[in-house]
Amino acid sequence: MDWNSSITNSLWPDSIQNRESKEKVAEQIANKVKDGDTIGVGSGSTSYLALLAIAQKIKTEALSVRAIPTSIEIALTCISLGIPVVSLQENRPDWYFDGADEVDPNNHLIKGRGGAMFKEKLIMSASSRNYIIIDKSKLVEKLGAQFPVPVEVFPSALMAVEAELKKLGATKILLRPAQGKDGPIISENGNLILDVRFDQIDKDMETKIKCITGVIESGLFQNLKAEIIIA
């Protein structure tokens, strides 16, 4: 049944920052698609543009491709483009692609402005090949230079987690507010998101944060291998 829905047309803004450079890396990702692939799809505008390019290739070459999305908006976008959506329970991704907020010289990442870092990291860890697509503005000398570290927290543990983050050297901790509703953002897992600033982020910070009881996941990606594709 075709619902003839126009809702998905409003998921993404008409104006996307650095769109031209993002479209260039989107084409590189689309060129990797092969018939029969199951692809993990990250969240954000870069992934959206890559999906547009992938959908065009699927249509032009009559390919059979499935997607494992990391967020509701990406799932809806896949459906609107006619790309079948499957789950991690059904299929393991052949490869995964996503954007990033920051990338340091060691290819460590900060991600999570879209609040989907838990599922992004889950699908990324299940994939044998990962591609991070960025423009040059995302390259930094050290993590935390431009963006805070997102930390997804079980709501009842909020205060306890805050105290432990301060012990790790957090200099500023903010509960991320929503823009389309009153109050804080609620993640797709029903949790809250803290945006945490550190003066220094050492190579073990991802592990240290994850070891705090009440933390679901962080936006630090320090221990997963990925190829960085720069526009």
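User: Which residues in the largest nonpolar core touch the most other members?

Analyst: A nonpolar core is a set of buried Ala, Val, Leu, Ile, Met, Phe, Trp, Tyr and Cys residues joined through side-chain atoms within 4.5 Å. Buried means under 20% relative accessible area, exposed means over 50%, and partly exposed lies in between (1.4 Å probe, protein chains only). Here the largest nonpolar core has 28 residues, and I29, I54, I83 and F97 touch the most other members. Before we go on, note that this is a predicted model, where local features need pLDDT of at least 70 and side-chain atom pairs count only at pLDDT 80 or more, while totals for chains, interfaces and linings use all residues. Residues are numbered from 1 along each chain as its sequence is written, and side-chain values use heavy atoms, with hydrogens and water left out.

User: Which helices and strands each supply at least two residues of this core?

Analyst: Helices (H or I, at least four residues) and strands (E, at least two) are DSSP runs, numbered from the N terminus. For this core, the helices are α1 (19-30), α2 (45-61) and α3 (72-80), and the strands are β1 (38-41), β3 (95-98) and β6 (130-134). With eight residues, α2 gives the most to this core. There is also a second, separate core of 22 residues, with I173, M205, I209 and L220 among them.

User: What is I29 in contact with, leaving aside its neighbours within four places in sequence?

Analyst: Contact means heavy atoms within 4.5 Å. With those neighbours left aside, I29 is in contact with A50, I54, W95, F97, Y131, I133 and I229.

User: How is the protein divided into domains?

Analyst: Domain bounds come from an automatic or database domain assignment. In this model, domain 1 covers 7-140 + 225-230, and domain 2 covers 149-219. Their C-alpha centres lie 24 Å apart. The contact between them takes 15 residues from domain 1 and 15 residues from domain 2.

User: How should I read a pocket, and how much space lies in the largest one?

Analyst: The search uses a 1 Å grid over the protein atoms alone: a cavity is a set of points where a 1.4 Å probe fits but cannot get out, while a pocket is an open set with protein on both sides within 12 Å along at least five of seven lines, and lining residues have an atom within 4 Å of a point. Grid points are joined across faces, edges and corners, and a volume is the space filled by probe spheres set on the points. The largest pocket holds about 830 Å³ of space. Its lining has 33 residues, and S43, G44, S45, R113 and G114 lie nearest its centre. Both domain 1 and domain 2 give at least three residues to this lining, and α2 and α3 each supply at least two.

User: How many nonpolar, polar and charged residues are in that lining?

Analyst: Ala, Val, Leu, Ile, Met, Phe, Trp, Tyr, Cys and Pro count as nonpolar, Asp, Glu, Lys and Arg as charged, and the others, Gly among them, as polar. The largest pocket's lining has 10 nonpolar, 13 polar and 10 charged residues.

User: Which residues are closest to the centre of the second largest pocket?

Analyst: They are R113, R176, P177, Q179 and I185, out of 13 lining residues. About 390 Å³ of space lies in this pocket. Its lining divides into six nonpolar, three polar and four charged residues.

User: What lines the largest cavity?

Analyst: The lining is I39, V41, L51, I54, V65, R66, A67, I83 and F97. Eight of these are nonpolar, none is polar and one is charged. The space inside is about 30 Å³, and the search of the whole structure finds one cavity of 30 Å³ or more.

User: Is K121 buried or exposed?

Analyst: K121 counts as buried because its relative accessibility is 8%. This residue is found in helix α4 (residues 117-126). Leaving aside neighbours within four places in sequence, K121 is in contact with E206, E217, S218, L220, F221 and L224.

User: Where does A62 lie?

Analyst: A62 lies in the loop between α2 and β2. Its phi is near 55°, a positive value in a residue other than glycine. A62 counts as exposed because its relative accessibility is 65%.
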